[in-house]
Amino acid sequence: VQLQASGGGLVQAGGSLRLSCAASGRIFSIIDMGWYRQAPGKQREWVASITRGYTTNYSDSVKGRFIISRDNAKNTVYLEMNTLRPEDTAVYYCNADDKPPRSALPVKFWGQGTQVTVSS
């Protein structure tokens, strides 16, 4: 499974960006999809996730500002980021959990990352 993320860029504080991440390749059944981010000098942190049934969860730092969604037919996950802050600056990575048949556990795949920079 390959994940291709896009939509990053430079935006002023208070602005918005929309990230997209499309999965392709040999896909069995993508269960959960999500977004993580890594700021310079910091560990990668979870941002948001969405199940195949569209249940969403958010980290406290983005709750109320970011919206995660997905299109199961297109195997694509989106992250709408609003009211952006300088501390949201990071490389954003998408991930997808694909579950092969007869496997008890899914396999996690990662995208290549897209840079989001928020200026003050």
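Not counting residues up to four places away in sequence, S119 touches L10, V11, Q12 and A13, where contact means heavy atoms within 4.5 Å. S119 lies in strand β11, which covers residues 114-119; strands here are DSSP runs of E with at least two residues, numbered from the N terminus, while helices are runs of H or I with at least four. G14 sits 105 residues away from S119 in sequence, yet the two are 9.4 Å apart in space, C-alpha to C-alpha. As for cover, S119 counts as partly exposed because its relative accessible area is 26%. The cut-offs are simple: buried is under 20% relative accessible area, exposed is over 50%, and partly exposed is in between, using a 1.4 Å probe and protein chains only.

A quick word on where all this comes from: the model is predicted, so local features need pLDDT of at least 70 and side-chain atom pairs count only at pLDDT 80 or more, whereas totals for chains, interfaces and linings use all residues. Residues are numbered from 1 along each chain as its sequence is written, and side-chain values use heavy atoms, with hydrogens and water left out.

Now for the protein as a whole. It has 11 strands and zero helices, so, by the DSSP definition of these elements, read from the N terminus on, it goes β-β-β-β-β-β-β-β-β-β-β. The C-alpha trace spans about 50 × 25 × 25 Å along its principal axes. The radius of gyration is 14 Å, which agrees with the value near 14 Å for a compact globule of 120 residues; that rule is 2.2 Å times the number of residues to the power 0.38, and the radius is taken over C-alpha atoms. Of the 120 residues, 42% are buried. Among contacts between residues at least 6 apart in sequence, 54% join residues at least 24 apart.

Next up is an open sheet. Four strands make it, in the order β1-β3-β8-β7, with antiparallel pairing; two strands pair if DSSP finds at least two bridges between them. At the edges are β1 (2-6) and β7 (66-71), each pairing on one side only. Neighbouring strands of this sheet are turned by 15 degrees against each other on average, direction ignored, with axes fitted as lines to C-alpha atoms and angles running from 0 to 180 degrees between N-to-C directions. Strand β3 (residues 17-24) runs antiparallel to β1, and five bridges join the two. One partner pair puts S6 with S20 in β3.

The partners are C21 and C94, with sulfur atoms 2.0 Å apart. They tie together distant parts of the chain, 73 residues apart: C21 belongs to β3 and C94 to β9 (residues 90-98). The link of C21 and C94 is right-handed, with 55 degrees about the S-S bond. Both C21 and C94 are buried.

N95 counts as buried because its relative accessible area is 4%. Leaving aside neighbours within four places in sequence, N95 is in contact with L3, D32, M33, G34, W35, Y36, K108, F109 and W110.

Definitions and conventions:
A disulfide is a pair of cysteine sulfur atoms within 2.5 Å.
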